Amino acid sequence: MKNKILPRGWVEIPTNEVYTNISLSNIKLPQKDYLKEGVLPVIDQGQDFIGGYSNDTSIKVDCELPVIVFGDHTKTIKFIDFDFIAGADGIKVLKPHAFLLPKLLYYFIKSFNLPDKGYARHFKYLQSETMRIPPLAEQKRIVHELDTYFEWLNEAETALAQVPILLKQFRQKVLSMAVSGDLTRDWREKKEISISSDLIFDKLSKNVFEKDYSIPSTWIKISSKHIFDFVTSGSRGWAQYYSEEGAIFIRITNLDYDTLKIDLSKEKLRFVNPPPNSEGMRTRVQDGDILISITAELGMIGIVEDQVPEAYVNQHVALARPIKGLNSKYLGLFLIAKNGGQEHFKQRQKGATKVGLNLEDIKTINFNFPPLNEQAEIAKRVEELFNLADDIEADYHKAQTQLKLLPQMLLQKAFRGELTPQYASDESAEILLEKIKEEKYSIVKNKKEKNKQLRS
């Protein structure tokens, strides 16, 4: 504790003098004997609060509840206020003395920054510490405050855990609206479309033989064989060209399902140095190329942008190059939409009989295809909405970090005497200790006198 001065009415005593270590001889249950259901829960040093169950009531831990269970190897700390059986390996069952509320001991052990010694034993570090004991009345106030705060923290953690799920749903909803035409409905109603100047769209429209009424009337449904000028996948002989530096080697791990960005972070970077005339040179990426994972995690997408230097793809990645003038960003958005390319990839992978995609699967994607100026508007709107989601996600990570720091901050504050007020009317912990000692002495004395009378 940073604050060395004891608060009013507090005492400081060795931690090993505040509890009784309850003997577990011959009543511990091996993990192999755990049941999924049973009369009594098994409490062990695992991360799960309850390790298992047993029907053997003869090995129930016989002690006054509540108690604290401490994992000697794992440093787990559990507050137990119900009948239980002890797991076989590495736990200590601690019963606080009468001057200490059990829940306060639980919170104190959680506040102690135990060293991490792997699977070695940690109880000795706890025993070597000292504990600050508040007056009993203040103990109750501290426990009440900490219970209230930790209940709120648990609720906050539960609520916060929903944020990534909601953001993922939000992004997919945006994509769904983008590739179905709903995202730019207002834009079309303002008649900002100028098809007559869209020569590429006009040319592609000649390849459409059937009208699709599920998309806006100004859109067309067109196969990717008319959209992609070049489709290939990486060579298999790259191993001989692996290098510590050189051209970037793009693999599935560089792609994802959500962002269209190629992840070139340091831990994911790999390099190759192919000779000038090697077969793999055909897979050198260009600005605007769309990369698609075709084995394992199918349908992850990345778009090559200007800042990507010389790079090649491996055999698990398909390279699809749109014809000049098309909007790669819109095409990529369609490919990561569940109601777009992802549905196509899912249909092409027929269970265990087909573990990947082939190049024909890439050439037969039916795109919902708006005029080019609407594609640009869609890409702009999606980027704005995704940036908003990214900002929320960044705030989420900050909140998550801060929330993880709060428990220790609260516990440290509590045992410095700063969480609750001290009152002069509280009976000091020192007086409480003396009273308990006198009570114990009186009990022992009366017991001796009774035994003496019985012998006489």
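**Cores and rings**

The largest nonpolar core of this predicted model holds 45 residues. Seen from inside that core, the residues with the most contacts are V18, F99, L105, I109, M131, I133 and L146. Helix α3, residues 136–180, supplies the largest share of the core, with 9 residues. As background, nonpolar side chains tend to be buried together in soluble globular proteins.

Return now to I109, one of the residues with the most contacts inside the largest core. Which residues does I109 touch, leaving out those up to four places away in sequence? I109 touches I68, F70, I77, L94 and L126.

Next come the aromatic rings. A search of the whole structure turns up 14 aromatic pairs. One of them joins Y242 and F249.

Are Y242 and F249 buried or exposed? Y242 counts as exposed, because its relative accessibility is 53% and the cut-off for exposed is over 50%. F249 is buried, because its relative accessible area is 3% and buried means under 20%. Both residues belong to one aromatic cluster, together with W238, Y241 and Y312.

The charged end of K103 sits over the ring of F79. It lies 4.9 Å from the centre of that ring.

Terms used: Residues are numbered from 1 along each chain as its sequence is written. This is a predicted model: local features need pLDDT of at least 70, side-chain atom pairs count only at pLDDT 80 or more; totals for chains, interfaces and linings use all residues. Side-chain values use heavy atoms; hydrogens and water are left out. Rings of Phe, Tyr and Trp (its six-membered ring) pair if their centres lie within 6.5 Å; planes under 30 degrees apart count as stacked, over 60 as edge-to-face and the rest as tilted. Buried means under 20% relative accessible area, exposed over 50%, partly exposed in between (1.4 Å probe, protein chains only). A charge sits over a ring if NZ of Lys or CZ of Arg is within 6 Å of the ring centre and within 35 degrees of the ring normal. A nonpolar core is a set of buried Ala, Val, Leu, Ile, Met, Phe, Trp, Tyr and Cys residues joined through side-chain atoms within 4.5 Å. Helices (H or I, at least four residues) and strands (E, at least two) are DSSP runs, numbered from the N terminus. Contact means heavy atoms within 4.5 Å.
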